[in-house]
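Welcome! Have a look at the structure below, and then let us walk through a few of its parts together.

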Amino acid sequence: MIKKINIKHGIIGELVLLIILASFLIYENVKDNSIDAFLPTAEKDYIKWVDFDVCYAALDKAYKYDVESHNQDVKLNWIELLAFLGARYGGNFSNYKEKHLNDLVERLRSQKETMESITKDMKYYNYYLEAYTAVLGGFVGEFEIQVPDEANPGNKVWVKKYGLKAFLPIAKNFPYSDYDDFGVSRSYGYKRIHLGHDMMGQVGTPIIAVESGYVEAMGWNQYGGWRIGIRSFDKKRYYYYAHLRKNWPYNKSLEEGSIVKAGDVIGYLGRTGYSKNENTNNIDTAHLHFGLQLIFDESQKEGINEIWIDCYDLIRFLYRNRSETAKNMETKEWYRVYDIKDPAVDAYLEQNNMNAGKDFPMEPQIEVPVDPEIVKNEQQSVDEGHSPWKLDPAYVAQVFVSLMISPEGIEGEYPIPYEDVEIIYSSDENAIAKINGTITPVLRVYMKRLVRHDDTGIWTVVGFDPVEQK
Ligand SMILES: [Zn+2]
């Protein structure tokens, strides 16, 4: 369980009431009007409740239809297909038959009907479309990813793909076990039900970001222990990963506000939590608690209106996409082997730069010429164990600006102290440092990982912005 809950306010009671209402929906097979309570209304037009009951078989089949039709005349959208089934079943997928899906696809492929004409009399189709889009909206799309280069064993190449770009939260090659435990009771603190999915595994197993997003919450919580919460860029999904490892819970590059990409290592499995004392192991069985919350309106983020969904079948579906990881023996941090370029990340950055009134530009005013041969040799030298500081962008920026002040070389203290270097942007490939203090001639330093885009890759200065003359 997640957040600050005040039992005095009867939140649990209301939560239980919601669950009962939701079950009523299922068992009554959606009598007319019963679902209306959850539908957008004129005054508060957002969805109030979602039961995500879509089964693995339906997810799998609809997804295959979507991907195989990607370049065909009739493009099938898996979320629309599932929303049609949801509307037909009143959300209850125990009624699912593959034939229902196949029949729908056949009607669409005949081109005599469209999704719009087929669903025009289905009262709840739009509800299910919006609800399932909130759950699955970030899972499928175009992206680029690294794969092994068959022509050059040991190397990687970028390929463009369309398909599943969300990952299983447990890294590839790490064993885990799970079962459908959503809604079972929990007793620590107070009687409540389990609003997530537990994945039992070994302490230290790398935990993977399911979808790209930004870190919204990070730190200790008496229930979740060391936990991290990542919000999708469309703000509809909040991914909650809890009970992370004692002493070293998170990937050290992360802080609140950091951007993560689907498949990144964000932390490590552990057994912290169930204690008011920070950094305490009080969970008997090491596991990841994975939760997925839907947010249609910010009032649903905390409190009695929270919507957590059952992700057992979703997790089963995500098993086909696991992020392979390796350990950096120097830093002891795990990193992803195959990097991804997710257009959702670029769109978010672009949009944010515009909306934030451009706190800083992404391109330097003055470029620094780079010799690729020298960079390759430097990378090799670092791989052999020399100059490990080149892996730290703050240090690279500090040396760069210090040498600008003292081009003849530095003896003793650097003119620019390390504390004056502030990393204001960082991704696997790019970093921007802001230099504080009064003596610096440089305001910002732009760096790139030119050889390798993971934390074994060295940083090279590619440009800077001078301090503006007053
Ligand atoms: Zn749990």
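## The chain as a whole

Of the 470 residues in the protein chain, 36% are buried. Keep in mind that this is a predicted model. Its secondary structure consists of ten helices and 22 strands. If you take the contacts between residues at least 6 apart in sequence, 64% of them join residues at least 24 apart.

## Two helices that pack together

Two packed helices are described by the angle between their axes and the distance between the axes. For helix α2 (residues 56-68) and helix α3 (residues 78-89), the angle is about 140° and the axes are 8 Å apart. That angle makes α2 oblique to α3, and the crossing is right-handed.

Which residues of α2 and α3 make the contact? From α2 come A58, A62, Y63, Y65 and D66, while α3 supplies W78, L81, L82 and L85. Eight of the residues in this contact of α2 with α3 are nonpolar, one is charged and none is polar.

Just after α9, G385 has a positive phi of about 105°.

Helix α10 (residues 393-405), with 13 residues, reaches 19 Å from its first C-alpha to its last, close to the expected 18 Å. Its buried residues are P393, A394, V396, A397, Q398, F400 and V401. Among the elements covering the buried residues of α10 are the strands β19 (421-426), β20 (430-435), β21 (442-448) and β22 (460-466).

Methods. Residues numbered from 1 in each chain as written. Predicted model: local features only at pLDDT ≥ 70, side-chain atom pairs only at ≥ 80, totals over all residues. Helix = DSSP H or I, 4+ residues; strand = E, 2+ residues; numbered from the N terminus. Buried ≥ 20, exposed ≤ 12 C-beta atoms within 10 Å, placed from the backbone. Contact = placed C-beta atoms within 7 Å. Expected span 1.5 Å × (residues − 1). Axes fitted to C-alpha atoms, helices over the stretch in contact; angles between N-to-C directions. Parallel < 35°, antiparallel > 145°, perpendicular 65-115°, else oblique. Left-handed = near helix turned anticlockwise from the far one by under 90°. Nonpolar A, V, L, I, M, F, W, Y, C, P; charged D, E, K, R; others polar.
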